[in-house]
Amino acid sequence: MRLFLLTAAAALALALPVSAQTGGAATVVASAQASPRMDSAPVDGGEIRYFVHGDLASGKTPLLVLHGAFMSSDAMKPLTDLITDRPLIVVDQRGHGRTGDLPGPITYEALADDAAAVLADAGVPKADVMGYSMGAAAALQLALRHPERVDHLVLASTSFNEAGNLPGFVQMMDSVTPEVFAGTPMEAEFKRLAPNPDAFASVVGKIKVMDHGQDWPTEQIRALTSPTFIIVGDHDIVRPEHAVELYRLRGGGDTARASRPFLTEAPPARLAILPASSHVEVFGDPVLLAAMILPFLDDQTRPPPPGFF
């Protein structure tokens, strides 16, 4: 089940150009930045490939973007093409894209350390970080392991323990085999981009066990200082109750703040539960995502209703 959803998610992201997206965020205009620069960050066992869009010396806080499982930096283009007002660093995470398979397992902790290495290699002391699915778990681990590297944190469709996902999720992942991907865009994109196209079976074997034993301490999550935006679908793999729990751990739902008619300052946490949206469909409307994420990164609050108060 998870495999099917992740496969469909990446296929969706690869297949839909920004011009095909629709949604309520008409003010977000697709205007791709100049061709990005590809670079490599050295890590144990190899290098992590990443792309820089825009000018890192502009004085604006960069946004680090981490894709989901069986995706690549290319799959994030429908969203990243909409974000043109700040520099972007978009990573091909280990086991994916132009980075390809590296020695050892793929763990969220390793992905987090890779992301920290990318920021160091790019000369960026601190960045806003946005992740989707596997990339969101890596982003949360980046904040836990390297809090000095993270400013704002956007977590789309992820959990911090096994109980946060649908019942039986880990058991379903145990049944995944490389053959399930035969003829899919996942397999084709891996073989197109990876330094070793024959390593796909190895990567599948590593990803399928990533969530075994996942249980990250709530007190460490509560102690983070990064403003956090949690995004899930109401029919996501991640249970909505778990998203609310994460939201509250990050400072959301404060009674005193919620009792005010208007928010006069940016809250420490935001929560979006997208209606009629599966794990795949959370990433299905990048225009809507950009319209929610950009104000969060800029610490904007919503305007009061016009003509009423």
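Colleague: Which residues lie nearest the centre of the largest pocket?

Modeller: L263, P267, R270, T301 and R302 do, out of 24 lining residues. A pocket here is an open set of points on a 1 Å grid over the protein atoms alone, where a 1.4 Å probe fits, with protein on both sides within 12 Å along at least five of seven lines; lining residues have an atom within 4 Å of a point. Bear in mind that this is a predicted model: local features need pLDDT of at least 70 and side-chain atom pairs pLDDT 80 or more, while totals for chains, interfaces and linings use all residues. Residues are numbered from 1 along each chain as its sequence is written, and side-chain values use heavy atoms, with hydrogens and water left out.

Colleague: What volume does the largest pocket have?

Modeller: About 680 Å³. A volume is the space filled by probe spheres set on the grid points, which are joined across faces, edges and corners.

Colleague: Which elements give two or more residues to its lining?

Modeller: α10 (255-258), β8 (269-278) and α11 (286-297). The largest share, 4 residues, is from β8. Helices (H or I, at least four residues) and strands (E, at least two) are DSSP runs, numbered from the N terminus.

Colleague: How does the lining divide into nonpolar, polar and charged?

Modeller: It has 14 nonpolar, 5 polar and 5 charged residues. Nonpolar covers Ala, Val, Leu, Ile, Met, Phe, Trp, Tyr, Cys and Pro; charged covers Asp, Glu, Lys and Arg; the others, Gly among them, are polar.

Colleague: Switching to cavities. How many of 30 Å³ or more are there?

Modeller: The search finds 5. In a cavity the probe fits but cannot get out. Of its 13 lining residues, F70, M71, G97, M186 and F190 are the closest to its centre.

Colleague: Which element gives the most to that lining?

Modeller: α6, with 4 residues.

Colleague: On to salt bridges. How many does the structure hold?

Modeller: It holds 14. The rule is a side-chain nitrogen of Lys or Arg within 4 Å of a carboxyl oxygen of Asp or Glu. One joins R98 to D74, with the closest N and O atoms 2.9 Å apart. R98 is in the loop between β4 (88-91) and α3 (108-122) and D74 in the loop between β3 (63-66) and α2 (77-80), so this bridge ties together parts 24 residues apart in sequence.

Colleague: Is R98 buried or exposed?

Modeller: R98 counts as buried, at 19% relative accessibility. Buried means under 20% relative accessible area, exposed over 50%, partly exposed in between (1.4 Å probe, protein chains only).

Colleague: What else does D74 bridge to?

Modeller: R192, with the closest N and O atoms 3.0 Å apart. That pair links distant parts of the chain, 118 residues apart, with R192 in helix α6. D74, D92, R98, E189 and R192 are linked in a network of salt bridges.

Colleague: And aromatics: how many pairs?

Modeller: The count is 6 aromatic pairs. Rings of Phe, Tyr and Trp (its six-membered ring) pair if their centres lie within 6.5 Å; planes under 30 degrees apart are stacked, over 60 edge-to-face, the rest tilted. F181 and F200 have ring centres 5.3 Å apart and planes at 90 degrees, so they are edge-to-face.

Colleague: Are F181 and F200 buried or exposed?

Modeller: F181 is buried at 0% relative accessibility, and F200 is buried at 6%. F70, F181, F190 and F200 form one aromatic cluster.
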